[in-house]
Amino acid sequence: MGSICVFVNQKGGVGKTTSAINIGAYLAEARKSVLLVDFDAQANLTSGIGANPPTPGIYELLSGSASTEEVIKKTDVKNLDVIPASLDLSGAAVELIDQKERNYFLKKALAPIRDRYNYILIDCPPSLGQLTMNGLAAADYVLIPMQCEYFAMEGLQQLLFTAKGVQKGLNPSLKIGGIFFTMYDPRTRLANDVIKQVSAHYKDAVFNTIIPRNIRLSEAPSFGMPISLYDPQCPGARAYHALVQELLRREKKGVM
């Protein structure tokens, strides 16, 4: 059975979607079968992996108007598939509110295909709303990208509190897969202080690999490519490759 990982951070602009795309691509290059699930109505993962046109996609799968075979798209990376999103997904949270099983729609939708992939990576919106609750309820692990700044630390506490609530109720098997730092600028004292404080407090939950601030990482999505295709030798590419290797080692040891 494959692992389902959900990328969550209620703060926008922390590199969550960039991380989902590039971790998925490097897992695929490591000969793992990977499915990316865009669960954000902004559909940045969809465009960032070059999956347009986006329909049918995750909204149609949740609503029952399309099958899994109809919504799964191939990407330019071998072993990497994607279920795209569109603006229609913005209505899903409203439609789910009155449903009895409103937190488990995504889990049920992915159940028939989870054994087909080694990894299913879910990119959630920057909030702790209904869609993110579905992502947490469906996942085995939550991966938390964190920008190296003060307010990110406050948001991390709230996010981990939410994850513990999900563990107690919606999904007892959910585990914290890890926290990793993004957009790191070694020239700033604040960035280094944040890394030191978070690493000291959360210890083994923190990945050693740090993703630097890198313009090539920002450029790649506009070409619909992961960094492994766009510029595999840039610092950002090397960092994500190293992060995936660390992730695989952590999972093998049972740390993740």
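Between which two helices does the loop that holds threonine 209 lie? Select threonine 209 and you will find that loop between α9 (189–202) and α10 (215–219), where helices are DSSP runs of H or I with at least four residues, numbered from the N terminus. This is a predicted model, in which local features need pLDDT of at least 70 and side-chain atom pairs count only at pLDDT 80 or more, while totals for chains, interfaces and linings use all residues. Residues are numbered from 1 along each chain as its sequence is written, and side-chain values use heavy atoms, with hydrogens and water left out.

Threonine 209 counts as buried because its relative accessibility is 14%, buried meaning under 20% relative accessible area with a 1.4 Å probe and protein chains only. Next, show glutamate 246, whose side chain makes a polar contact with that of threonine 209 at 2.7 Å (a pair of N or O atoms within 3.5 Å, one able to donate a hydrogen and the other to accept it; residues adjacent in sequence count only if both atoms are side-chain atoms).

Now move to the largest nonpolar core, which has 51 residues (buried Ala, Val, Leu, Ile, Met, Phe, Trp, Tyr and Cys residues joined through side-chain atoms within 4.5 Å). Phe39, Ile58, Ile83, Leu89, Ile122 and Met146 touch the most other members, and helix α8 (residues 150–168) gives the most to this core, with six residues. A second, separate core of 37 residues includes Leu121, Leu143, Ile211 and Cys234.

Terms used: Buried < 20%, exposed > 50% of the residue type's maximum accessible area, 1.4 Å probe, protein only.
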